[in-house]
Number of protein chains: 2
Amino acid sequence: MTDPRIVKHARILVEYSTKVKAGDMVYLWLDLDAHPLAVEVIKQVASRGASSLLILDSSQLSRGYIDAVTEEGLDLFPKHQFEAVKASDVLIRLRSPSNTRALAGVDPKRLIHRQKTTRPISDEILEKRWCLTIHPNSGLAQEAKMSLTDYQDFVYGATLRDWDKESKLMFKLRDKLHEHTTIRFIGEDTDLQASTEDRTWVASTGTHNMPSGEVFTSPVESTVEGDIFFDIPFLYQGAEIQGVRLKFKEGKVVKFSAEKGQEALAAALDVDDGARYLGEMAIGTNRGIKRYTLNMLFDEKIGDTIHCALGNAYPECKGTNKSAVHIDIIKSMKDGGKILAGDEVIYENGKYFWE
Amino acid sequence: MTDPRIVKHARILVEYSTKVKAGDMVYLWLDLDAHPLAVEVIKQVASRGASSLLILDSSQLSRGYIDAVTEEGLDLFPKHQFEAVKASDVLIRLRSPSNTRALAGVDPKRLIHRQKTTRPISDEILEKRWCLTIHPNSGLAQEAKMSLTDYQDFVYGATLRDWDKESKLMFKLRDKLHEHTTIRFIGEDTDLQASTEDRTWVASTGTHNMPSGEVFTSPVESTVEGDIFFDIPFLYQGAEIQGVRLKFKEGKVVKFSAEKGQEALAAALDVDDGARYLGEMAIGTNRGIKRYTLNMLFDEKIGDTIHCALGNAYPECKGTNKSAVHIDIIKSMKDGGKILAGDEVIYENGKYFWE
């Protein structure tokens, strides 16, 4: 018998996240290890009178390709893939790399070259109903420093939620934030505020990322002022960075330190001018995620946290900051954190204003 | 280290069978168990400056789909798949079912319904450079009643051949057959002959089937006369049929028997009018295949055999017989068999005319 959690996961992806209906063409892009989830997804798709096309990826295929491809081949646009994407209504990406480090040692220039060539495909995907999720496997469990069993519990705890209920709470939070024109994070070594005037707060309710659970905006870049201390570690280009402290003046980082990974942080801030400004300020709301795993799909959504991202802003939030990077850094708020919208306390001592 | 035979197999498919060149779009349709071969194929494709798109199938996916799909869904044409095929130059199918009986118990009407819906895709594939092969796995080994190790030896013995040399011999045989207008098979309980006037003999040299190794035509239907005894068993709709004897008069089977599976044979002959006439007469030339495995991709190519097919003829041979079936039946010729083209003995006592 299939793990019933896989069946529920598939149902959430098809029914809730991408709302597959009769006649839909579904492009199901899976890693090899996600085959058990793919089987359940195609059943859900077929039972709704829609049609699946399965596109396979794997750690070995990716590495085999990038090592073997010629320089001219890096420029070759995969027209057959593009045509399949164009003819699809829904795209579901099932990530489950058997080896999260499969591309270690590859010249990053070749990877970026290839990404650039296939950019029209990524852009086309964003025009569709699309959702990204992961299927727990040994590779991801190992990356999270957990056993597979514990990792499965972790992933399904984050994913198999009542998303209609979660959405309602996120919309309530978003609407409250829209009543005001400033946001302020207060906590240990932290008092950071910014204007959000004419900016849009977006509730990420699991239609594009599964799991999800965050309400985010791009603040008015030049108005970010104050200090912030982020206690949760994160990865930047393979390096772990922890205990980041940032001081902002007129939107710009004017002082920074990290308890671990100071050099990597310095390198990130020096990528370009935009890397010293915030592209995002956000509140993580998924209480099914109780710990970090160094996987941003999960970490930025941990319940009772906030996060800020250095670098590129979101056009959908009317953000204007431009950068080649978008580096999310997360802070726990449960013990002593406070969030203010305007002069209204909307979160304090582990509770939202409605709790 | 990858089994070097997998690397050689991939090279034959890409270099010899489908002649992949820079800029080609390659549609690689694989069963899950064929992943190791797919990795080597995409490397070969990439190293030639071409681009692969991997379409996944599996026993579980096929069964999951057909059990779950709605009646209306069976009519839904997979436009995304069709567009990907249309945009491709080369199609390579890697068969490796984990369970060859995965569709047992499914209503055949549903399978035929689906085949009919997707027929434009199958037709489109035939317009491309295409090749079908298998990757040895436990499912296929079990079907062949062999251990996996023995089965791998069997498959690679049939596949990793000098195809240029094999082709030359097949062309020599084809050209000789074209010098004459009749074909005659003689052996135990066998003396069968037919006119091949104005018909085309085709050498199957491994460009569409890998392995291959047969020279075939569709005889002038009404001219098939005499008796034939086929000693090699075969499957028809899951039933094993063995020791078939057929008597032809004016092209039509007028008497038949089987040592095993008589009822199944009778049912096959009664499918339609065309099922009692021969759609194919052929000579198997792959001496890397020394035994039958109840897999027609291999069995009809066993070296030193002939086979005849009841039912549908090949338009490429200028055959005209029409039938819903095409049932290949095979006969060993090594011990005492003789083949005549016109009045010339072209094969006798295990040797071709050039040996």
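I began with strands E14 (residues 278–284) and E15 (residues 305–311) of chain A, which run antiparallel and are joined by six bridges. Strands here are DSSP runs (E, at least two residues; helices are H or I, at least four), numbered from the N terminus. I then looked up one pair: Ala282(A) has His307(A) in E15(A) as its bridge partner.

A note on the source: this is a predicted model, where local features need pLDDT of at least 70 and side-chain atom pairs pLDDT 80 or more, while totals for chains, interfaces and linings use all residues. Residues count from 1 along each chain as written, chains are lettered from A and ligands numbered from 1 in written order, and side-chain values use heavy atoms, without hydrogens and water.

Next, the whole sheet. I traced an open sheet of five strands in chain A, ordered E7-E9-E14-E15-E16 with antiparallel pairing; strands pair if DSSP finds at least two bridges between them. E7 (202–204) and E16 (326–332) of chain A are the edge strands, each pairing on one side only. The twist averages 25 degrees from one strand to the next. Helix H10 (residues 163–178) of chain A packs on this sheet, touching E7, E9 (214–217) and E14 of chain A; contact means heavy atoms within 4.5 Å.

Then I crossed to chain B. The axes of H3 (residues 59–68) of chain A and H2 (residues 35–47) of chain B come within 8 Å and cross at roughly 20 degrees. Axes are lines fitted to C-alpha atoms, for helices over the stretch in contact, and angles run from 0 to 180 degrees between N-to-C directions. So H3(A) is roughly parallel to H2(B) (angles under 35 degrees count as such).

Definitions and conventions. Angles under 35 degrees count as roughly parallel, over 145 as roughly antiparallel, 65 to 115 as roughly perpendicular and the rest as oblique.
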